[in-house]
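This report goes through one protein model in parts. Look at the sequence and the structure before reading on.

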Amino acid sequence: MIDVSPDDLKALAHKGYKSDIVTALAEHAEHVMEDYGITTRLRVCHFWAQAAHECDGFKTMREYASGRAYEGRKDLGNVNPGDGVRYKGRGIFQLTGRANYKRLGDVLGLPLIAHPELAEGPEVALRIACEYWKSRGLNAFADKDDVNGITKRINGGFNGLADRKSVV
């Protein structure tokens, strides 16, 4: 396993960071990531490059926008009034949508539907991101050094691709 320190994560945060977030993520990184086979240099680098972009350089574990834009998004499982705001992006990969909160909550044995704010906690956020990584088969893309393929599967497009590439 590649050891990840708070200083390593700070170096990825081009635009600043919150010390409490990087410290907590680094504290849990080794034992959580090892469970998901994110243990080689390329896998670790790609994982953290994606995380650094998605959570704004480790400055937030909650999407800045209100989540209203997700209201009524059936593709996200947001079928009830208020689901968009309640299940907006959280964590290091920005878990979004009622269906995703339900699925990851079930897989990890966490009450994310009742308590979506749990996804903001560093260890839970890391577990959610690792589970998402695993479900999308991203170790194989990292092994090929395919930042485009990983970004497409994390982001749904190529938003921030240059930023993600700059830290791999």
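## A buried histidine

The side chains of H46 and D145 form a polar contact of 2.7 Å. The model is a predicted one. H46 belongs to helix 3, which covers residues 41–54. Is H46 buried or exposed? Its relative accessibility is 0%, and buried means under 20%, so H46 counts as buried.

In soluble globular proteins, nonpolar side chains tend to be buried together. Here the largest nonpolar core contains 34 residues, and F47, W48, F58, I92 and L126 have the most contacts inside it. Two or more residues come from each of helix 1 (6–12), helix 2 (19–35), helix 3, helix 6, helix 7 (138–143) and helix 8. Helix 2 gives the most, seven residues.

Beyond its neighbours within four places in sequence, F47 is in contact with M33, I38, I92, F93, L126, A129, C130 and W133. Another core lies apart from the largest one and has eight residues, including L95, L112, A119 and I128.

## The largest pocket

The largest pocket holds about 400 Å³ of space. Its lining is made of 25 residues, and F93, Q94, T96, N100 and I154 lie nearest the centre. Sorted by class, the lining has ten nonpolar, seven polar and eight charged residues. Helix 5 (98–108), helix 6 (122–135) and helix 8 each supply at least two lining residues.

## Helix 8 and its end

Helix 8 spans residues 147–155, and its buried residues are V147, G149, I150, T151 and I154. Just after this helix, G156 has a positive phi of about 85°.

Key: Residues are numbered from 1 along each chain as its sequence is written. This is a predicted model: local features need pLDDT of at least 70, side-chain atom pairs count only at pLDDT 80 or more; totals for chains, interfaces and linings use all residues. Side-chain values use heavy atoms; hydrogens and water are left out. Buried means under 20% relative accessible area, exposed over 50%, partly exposed in between (1.4 Å probe, protein chains only). Helices (H or I, at least four residues) and strands (E, at least two) are DSSP runs, numbered from the N terminus. On a 1 Å grid over the protein atoms alone, a cavity is a set of points where a 1.4 Å probe fits but cannot get out, and a pocket is an open set with protein on both sides within 12 Å along at least five of seven lines; lining residues have an atom within 4 Å of a point. Grid points are joined across faces, edges and corners, and a volume is the space filled by probe spheres set on the points. Ala, Val, Leu, Ile, Met, Phe, Trp, Tyr, Cys and Pro count as nonpolar, Asp, Glu, Lys and Arg as charged, and the others, Gly among them, as polar. A polar contact is a pair of N or O atoms within 3.5 Å; within protein, one must be able to donate a hydrogen and the other to accept it, and residues adjacent in sequence count only if both atoms are side-chain atoms. A nonpolar core is a set of buried Ala, Val, Leu, Ile, Met, Phe, Trp, Tyr and Cys residues joined through side-chain atoms within 4.5 Å. Contact means heavy atoms within 4.5 Å.
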